Amino acid sequence: MAERFRLGHAQLRDAVSTMITAGQADRDLHADLDPIREADLLLALVAGLGDAVLLRYRTPAEVISLVDHHLSRLTP
């Protein structure tokens, strides 16, 4: 089970970092971002906030607002 998680997480990280790289090429995202680091941060943010929703600590609307806020910081 752990191996499947590692593989799936690595694939997701690669997909997100590829999207970040594409956004940089299109000049939609800051050029100086490290795509892998940003992918790791985004995945950690979403995982943590997902837990907060499941535990009813945060509402889905609050989580969407927080993720949108973080994403807005990646744009010029």
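Does V67 count as buried or exposed, and at what relative accessibility? At 16% relative accessibility, V67 counts as buried, where buried means under 20% relative accessible area, exposed over 50%, and partly exposed in between, with a 1.4 Å probe and protein chains only. Before we walk on, please note that this is a predicted model, in which local features need pLDDT of at least 70 and side-chain atom pairs count only at pLDDT 80 or more, while totals for chains, interfaces and linings use all residues. Residues are numbered from 1 along each chain as its sequence is written, and side-chain values use heavy atoms, with hydrogens and water left out.

Let us stay with V67 for a moment. This valine sits in helix 3; helices here are DSSP runs (H or I, at least four residues), numbered from the N terminus. Setting aside neighbours within four places in sequence, V67 is in contact with L45, V46 and L49, contact being heavy atoms within 4.5 Å. D14, by comparison, is 53 residues from V67 in sequence and 19 Å from it in space, C-alpha to C-alpha.

Now look at helix 3 as a whole. Helix 3 spans residues 60-72, which makes 13 residues, and reaches 18 Å from its first C-alpha to its last, close to the 18 Å expected at 1.5 Å a residue. That expected span is 1.5 Å times one less than the number of residues. Its buried residues are V63, V67 and H70. They lie on the same side of helix 3, because they cover an arc of only 60 degrees around the axis, the arc being that of the directions from the helix axis to the C-beta atoms. The general rule behind such a pattern is that an α-helix has 3.6 residues a turn, so residues three or four places apart point the same way. On the other side of helix 3 you will find A61 and I64, both exposed. The cover over the buried residues of helix 3 includes helix 2 (35-54).

That brings us to helix 2. With 20 residues, helix 2 reaches 28 Å from its first C-alpha to its last, close to the 28 Å expected at 1.5 Å a residue. Its buried residues are P35, E38, A39, L42, L43, L49 and A52, and these pack against helix 1 and helix 3. L54, also in helix 2, is instead exposed, with a relative accessible area of 70%. Together with L55 and Y57, L54 forms a nonpolar patch on the surface, with about 440 Å² of accessible area in all. Such areas come from the Shrake-Rupley method with a 1.4 Å probe, and for residues only the protein chains shown count as cover. Patches are made of residues with over 30% relative accessible area and no salt bridge, with like charges joined within 9 Å and nonpolar side chains (Val, Leu, Ile, Met, Phe, Trp, Tyr) within 5 Å; a salt bridge is a side-chain nitrogen of Lys or Arg within 4 Å of a carboxyl oxygen of Asp or Glu.

The loops deserve a look too. R56 lies in the loop between helix 2 and helix 3, and its phi is near 60 degrees, a positive value in a residue other than glycine. R56 is exposed, with a relative accessible area of 77%. In the loop between helix 1 (2-25) and helix 2, R27 has a positive phi of about 65 degrees although it is not a glycine. R27 is exposed, at a relative accessible area of 73%.

Finally, helix 1 holds A10, which counts as partly exposed at 35% relative accessibility. A10 and L66 are 56 residues apart in sequence and 24 Å apart in space, C-alpha to C-alpha.

Terms used. Helix = DSSP H or I, 4+ residues; strand = E, 2+ residues; numbered from the N terminus.
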